[in-house]
Amino acid sequence: TDITDEIKDMLYLLKIILLVNTGGIIFAFILSIVIGRNIFLPIKEMTEAAKSISDKNMNVRLNVTGSKNELKDLAKTFNEMMDRIEDGYNRQKQFVSDASHELRTPIAVLQGYIDMLDRWGKNDKGVLQESIDAIKNESENMKDLLEKLLFLARNDRGTLTLQKEEFSQTNLVQETVK
């Protein structure tokens with residue numbers, strides 16, 4: 001028997017199957033591109049936001065609206081981390097400002113006494129002794145201040161131990177007045 005008609009029908013059916021499959025593959029490819037953009041858009045936005053963060057721009061936070069499930073959780077976690085980093089950075093800036101102010105005070109006192117020694121202390125024993133005592137005292141204060149700064153630095157590493165000690169408020173007030 002002649003099977004030419006059946007072969008033609010099978011080839012025709014094969015062409016239809018290939019055409020439908022090719023169309024389906026093209027449709028699936030286009031659909032995956034469109035859906036992929038929507039899926040990866042929040043990740044791209046998060047990446048861009050993270051890149052824009054610097055020491056001068058620490059208030060950037062990720063937008064959690066529109067994000068879903070794991071991405072929303074990731075954005076919230078990132079925002080919480082940025083809150084902690086910004087708080088630590090601000091505390092560090094405040095600490096540096098306070099420490100520099102505290103160091104300037106004894107240096108100014110030392111310079112004042114050195115100037116006084118230069119003007120009047122060479123010949124006046126009373127001014128000379130007062131200046132020497134004040135310089136010694138201020139150098140001790142600076143040494144104590146540096147110890148406190150090192151103490152605070154150790155606290156940042158978690159090795160802080162509290163040691164209480166009594167002091168005389170009268171001596172403190174007298175020194176402050178002096």
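**Close-up views of a predicted model**

View 1. Asparagine 79 is found in helix 2, and the model in which it is seen here, as in every view below, is a predicted one. With a relative accessibility of 12%, asparagine 79 counts as buried, because the limit for that class is under 20% relative accessible area. When residues up to four places away in sequence are not counted, asparagine 79 touches Arg61, Leu62 and Val64. Of these, Arg61 returns in the view of the salt-bridge network, while Leu62 belongs to the largest nonpolar core.

**View 2. The largest nonpolar core.** Eight residues make up this core, which is the largest nonpolar one: Met46, Ala49, Met58, Val60, Leu62, Ala75, Phe78 and Met82. Two elements, helix 1 (4-51) and helix 2 (69-121), each give two or more residues to the core, and the largest share, 3 residues, comes from helix 2. Alanine 75, one of the core residues, is in contact with Met46, Leu62 and Val64 once its neighbours within four places in sequence are left aside. Val64 is also among the residues touched by asparagine 79.

**View 3. A network of salt bridges around arginine 61.** The structure holds 3 salt bridges, and Arg61, Asp83 and Glu86 are linked in a network of such bridges. In one of them, the side chains of arginine 61 and aspartate 83 meet with an N to O distance of 2.8 Å. Arginine 61 lies in the loop between helix 1 and helix 2 whereas aspartate 83 lies in helix 2, so this pair ties together parts that are 22 residues apart in sequence. Arginine 61 also forms a salt bridge with glutamate 86, and here the closest N and O atoms are 2.6 Å apart. Because glutamate 86 lies in helix 2 and arginine 61 in the loop between helix 1 and helix 2, this second pair ties together parts that are 25 residues apart in sequence.

View 4. The side chains of arginine 91 and aspartate 87 meet in a salt bridge, with 3.4 Å from N to O. Since the two residues are 4 residues apart in helix 2, arginine 91 and aspartate 87 are separated by about one helical turn. Arginine 91 is exposed, its relative accessible area being 58%, whereas aspartate 87, at 42% relative accessibility, counts as partly exposed.

**View 5. A polar contact of glutamine 94.** Glutamine 94 is likewise found in helix 2, and its side chain is joined to that of aspartate 98 by a polar contact of 2.8 Å. At 43% relative accessibility, glutamine 94 counts as partly exposed.

**View 6. The buried serine 131 of helix 3.** Serine 131 lies in helix 3, which covers residues 125-156, and its relative accessibility of 0% places serine 131 in the buried class. Leaving aside neighbours within four places in sequence, serine 131 is in contact with Tyr113, Met116 and Leu117.

View 7. Phe27, Leu31, Ile35, Ile39, Phe40 and Ile43 make a nonpolar surface patch of about 580 Å². Isoleucine 39, one of the residues of this patch, has its place in helix 1 and is partly exposed, with a relative accessible area of 47%.

**View 8. Isoleucine 3 and its separation from lysine 148.** Isoleucine 3 has its place in the segment before helix 1, and at 47% relative accessibility isoleucine 3 counts as partly exposed. Along the chain, isoleucine 3 and lysine 148 are 145 residues apart, and a distance of 101 Å separates their C-alpha atoms in the predicted model.

Definitions and conventions. Residues are numbered from 1 along each chain as its sequence is written. This is a predicted model: local features need pLDDT of at least 70, side-chain atom pairs count only at pLDDT 80 or more; totals for chains, interfaces and linings use all residues. Side-chain values use heavy atoms; hydrogens and water are left out. A nonpolar core is a set of buried Ala, Val, Leu, Ile, Met, Phe, Trp, Tyr and Cys residues joined through side-chain atoms within 4.5 Å. Buried means under 20% relative accessible area, exposed over 50%, partly exposed in between (1.4 Å probe, protein chains only). Contact means heavy atoms within 4.5 Å. A polar contact is a pair of N or O atoms within 3.5 Å; within protein, one must be able to donate a hydrogen and the other to accept it, and residues adjacent in sequence count only if both atoms are side-chain atoms. A salt bridge is a side-chain nitrogen of Lys or Arg within 4 Å of a carboxyl oxygen of Asp or Glu. Patches are made of residues with over 30% relative accessible area and no salt bridge: like charges are joined within 9 Å, nonpolar side chains (Val, Leu, Ile, Met, Phe, Trp, Tyr) within 5 Å. Accessible areas come from the Shrake-Rupley method with a 1.4 Å probe; for residues, only the protein chains shown count as cover.
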